[in-house]
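Visitor: I am new to this structure and would like to know what stands behind the terms used for it. Please show it to me first.

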Amino acid sequence: MVIEITGINKIIGAKKVINDVSLSINKGQVFALLGPNGAGKTTLIRIILGLLKPDKGSVRLFGEKLTDQSRTDLLLRIGVQNDGNLYENLSVKENLALWGEIYGLGQGTIKNRIDDLKKMFHLEEYIDMTVGNLSKGNRQKVMLARAMFHSPDVLILDEPTTGLDPAAIDEFYQFIKKLKKDGVTIIMSTHYLYGMDDVVDSIGVIFEGNLLISDDVNRLRRQENKVHFKGKFNPKDIKELTSYGELFGNLNDEFTITVDKNDKVADIVKILVLKGNDIYSVYKEIETVKEIYFRIIGGISHG
């Protein structure tokens with residue numbers, strides 16, 4: 001395990017902001033810690049980084065217990081991307097070089113890393129521009145490049161897509177996929193669920209300081225097979241399919257059917273075609289991260 005937290009409790013003022021939370025994250029995973037604002041996500045991240053001490057429980061990083069003594073060495077293996085500490089009046093290159101110096105890297109290494117990272121994050125045309133003149137999306141890229149500057153094993157991202165437009169979010173997730181390919185373990189704390197479906201391996205859902213679930217996304221998905229048909233249909237023919245499964249939709253130009261076996265889909269296609277119906281597309285509906293999240297949160301907040 002890269003990160004293992006056990007029985008974490010944290011009280012701030014009179015409020016218990018983290019309540020007996022345990023979770024573990026494997027090497028090379030993209031793990032998303034999801035929850036509404038004020039759920040305890042940032043507090044938990046701060047505890048993992050040793051910026052806050054838990055009232056109870058323990059944190060292990062790379063198999064070693066996080067203590068005041070071990071913290072400095074352990075954090076050298078972690079990169080953190082957040083909104084703070086970019087120097088507005090310095091250029092992108094100067095910001096990155098300064099970060100390299102903080103980590104004690106030599107000038108040759110710093111130059112090579114800047115060359116690598118400006119290509120990786122498409123910063124070539126912005127490298128000499130002052131940070132204060134960058135768009136929100138390009139600032140996020142600089143913060144991501146800075147967090148990766150010392151080639152960490154783990155990257156921690158706190159609300160990394162806030163304020164980005166959909167195109168910038170898609171580009172951001174392309175970078176995350178590249179880093180994952182290189183074996184970097186990535187932890188994202190976010191309440192913004194757009195675009196993460198083919199990126200995230202596992203999720204934890206936190207609500208009012210309680211970890212409701214933490215598991216692999218594929219295990220959390222509902223296992224029922226919902227198959228969506230689009231085309232030109234005779235509603236009478238569609239209604240006769242009820243022996244194959246439950247039907248949803250308007251039945252004229254699209255419908256969804258729940259089937260218990262995949263081979264039933266081929267049978268349904270044959271029946272519809274033989275009866276003269278036109279089929280334009282057939283696809284399996286897979287529960288998204290967003291749908292999983294609202295199912296779990298909805299079960300708590302309404303239950």
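**Terms and values**

Guide: The chain has 10 helices and 14 strands. This is a predicted model, in which local features need pLDDT of at least 70 and side-chain atom pairs count only at pLDDT 80 or more, while totals for chains, interfaces and linings use all residues. Residues are numbered from 1 along each chain as its sequence is written, and side-chain values use heavy atoms, with hydrogens and water left out.

Visitor: What makes a stretch a helix or a strand here?

Guide: Both are DSSP runs numbered from the N terminus: helices are H or I with at least four residues, and strands are E with at least two. The C-alpha trace of the chain spans about 75 × 50 × 30 Å along its principal axes.

Visitor: Why are α3 and α4 called oblique to each other?

Guide: The axes of helix α3 (residues 92–102) and helix α4 (residues 107–120) cross at roughly 135 degrees and come within 10 Å. Axes are lines fitted to C-alpha atoms, for helices over the stretch in contact, and angles run from 0 to 180 degrees between N-to-C directions. Angles under 35 degrees count as roughly parallel, over 145 as roughly antiparallel, 65 to 115 as roughly perpendicular and the rest as oblique. α3 and α4 are therefore oblique. Their crossing is right-handed, a term for a near helix turned clockwise from the far one by less than a right angle, with anticlockwise giving left-handed.

Visitor: Which residues make the contact of α3 and α4?

Guide: On α3 they are Lys-93, Leu-96, Ala-97, Gly-100 and Glu-101, and on α4 they are Gln-107, Ile-110 and Ile-114. Contact means heavy atoms within 4.5 Å. These residues divide into 4 nonpolar, 2 polar and 2 charged. Ala, Val, Leu, Ile, Met, Phe, Trp, Tyr, Cys and Pro count as nonpolar, Asp, Glu, Lys and Arg as charged, and the others, Gly among them, as polar.

Visitor: What makes α3 roughly parallel to α5?

Guide: α3 and helix α5 (residues 136–147) pack at an angle of about 25 degrees, with axes 10 Å apart. That angle makes α3 roughly parallel to α5. In this contact, Val-92, Leu-96 and Trp-99 of α3 meet Val-142, Ala-145 and Arg-146 of α5. The residues divide into 5 nonpolar, no polar and 1 charged.

Visitor: Which residues of α3 are buried?

Guide: They are Val-92, Asn-95, Leu-96, Ala-97, Trp-99 and Gly-100. Buried means under 20% relative accessible area, exposed over 50%, and partly exposed in between (1.4 Å probe, protein chains only). The buried residues of α3 pack against α4 and α5. In the chain, buried residues make up 46% of the 303 residues.

Visitor: Why is Thr-161 counted as buried?

Guide: Its relative accessibility is 2%, so Thr-161 counts as buried. Thr-161 is found in the loop between β7 (154–158) and α6 (166–181). Leaving out residues up to four places away in sequence, Thr-161 touches Gln-140, Ile-169, Phe-172, Tyr-173, Thr-190 and Tyr-192.

Visitor: Why is β7 described as largely enclosed by the rest of the structure?

Guide: 5 of the 5 residues of β7 are buried, so β7 is largely enclosed. Val-154, Ile-156 and Asp-158 are buried on one side, and Leu-155 and Leu-157 on the other.

Visitor: How do you know that β7 pairs with β6?

Guide: Two strands pair if DSSP finds at least two bridges between them. Strand β6 (residues 78–81) and β7 run parallel and are joined by 4 bridges, with Gly-79 opposite Leu-155. β7 is also joined to strand β8 (residues 185–190) by 5 bridges, again in parallel, and there Leu-157 has Met-188 as its bridge partner.

Visitor: What makes β12 and β14 edge strands?

Guide: They belong to an open sheet of 4 strands in the order β12-β13-β11-β14, with antiparallel pairing. β12 (247–249) and β14 (278–285) each pair on one side only. Within this sheet, strand β11 (residues 225–232) and strand β13 (residues 254–259) are paired over 6 bridges.

Visitor: Why does Leu-251 count as buried?

Guide: Leu-251 lies in the loop between β12 and β13. Its relative accessibility is 11%, so Leu-251 counts as buried. Phi of Leu-251 is near 70 degrees, a positive value in a residue other than glycine.
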